[in-house]
Amino acid sequence: EEFLGPALASAREKLGENSAPNLTQPQSQSAAVASAGVKLRVALAANYAKNVAADDVVFVLARPVGGRMPVGVKRLQVKELPAELKLDDSSSLMPSRKISQLSEVEVLARISHSGQAKAMPGDLMSAAVPAKVGSDKTIELLINQQVQ
C-alpha cells in the first residue's frame, strides 16, 4: 500500500501533464471542423411573393456536388425571408454524412407548399449554387424558379 499510493499519484500526475495538451489540441481542431460550413442569404424574388403564404415551408439545403442526399438542411418559413444562416454539421440529418467531410457542396432553397421535403410541381426554388465549405463568403440564393 505504501508503494502503490505514491506510484498511482505519480502516474496520474504524469498522465494529467502529458495528456492535457494532447486533449486540448484535437478538441480545438474538431471544433474548427465542426464549425466549417456554408454561409447563406436566402431571399424570395418579389414577383413570386404573391404565389406563397407566409407560413409555407422553406427548405435550405446543401448536398454533394452532383448528389441528391443533403448533408445539411435548415427549415424556415416564408415570413422569415430574407434570412441569413449557416449550414454546418449541426444541420446534418445523419451523423455519418456531415458537411465538414466535403470541400465543396451545392446549396439551394425551395419553398414547399405541401410542407414535404420532396420537390413537387408548383414549388418555388433557387438555382443550385456551388459553394466552398469553410469559406467566409456569403452565398446568395434567390428563389425565382418554379418546379416543373
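Visitor: What makes Ala83 the partner of Val42?
Guide: In this predicted model, Ala83 in S4 is the bridge partner of Val42. Strands here are DSSP runs of E, at least two residues long, and helices are runs of H or I, at least four residues long, both numbered from the N terminus. Residues are numbered from 1 along each chain as its sequence is written. Local features need pLDDT of at least 70 and side-chain atom pairs count only at pLDDT 80 or more, whereas totals for chains, interfaces and linings use all residues, and side-chain values use heavy atoms, without hydrogens and water.

Visitor: Why is Gln101 called exposed?
Guide: The relative accessible area of Gln101 is 52%, and the term requires over 50%; therefore Gln101 counts as exposed. Gln101 lies in the loop between S4 and S5.

Visitor: What makes the approach of Gln101 to Lys98 a polar contact?
Guide: The side chain of Gln101 reaches the backbone nitrogen of Lys98 at 3.0 Å. A polar contact is a pair of N or O atoms within 3.5 Å; within protein, one must be able to donate a hydrogen and the other to accept it, and residues adjacent in sequence count only if both atoms are side-chain atoms. The distance of 3.0 Å therefore falls within the cut-off.

Visitor: What makes a set of residues a nonpolar core?
Guide: The members are buried Ala, Val, Leu, Ile, Met, Phe, Trp, Tyr and Cys residues, joined through side-chain atoms within 4.5 Å. The largest such core has 29 residues, and those with the most contacts inside it include Val38, Leu40 and Ile143. Strands S1, S2, S4, S5 and S8 each give two or more residues to this core.

Visitor: Which residues does Ile143 touch?
Guide: Contact means heavy atoms within 4.5 Å. Not counting residues up to four places away in sequence, Ile143 touches Val42, Leu44, Tyr48 and Leu81, among others.

Visitor: Where is the peptide bond that is cis?
Guide: The bond from Leu81 to Pro82 is cis, with omega near -5°. Pro82 is in the loop between S3 and S4.

Definitions and conventions
Buried < 20%, exposed > 50% of the residue type's maximum accessible area, 1.4 Å probe, protein only. Pairing = 2+ DSSP bridges.
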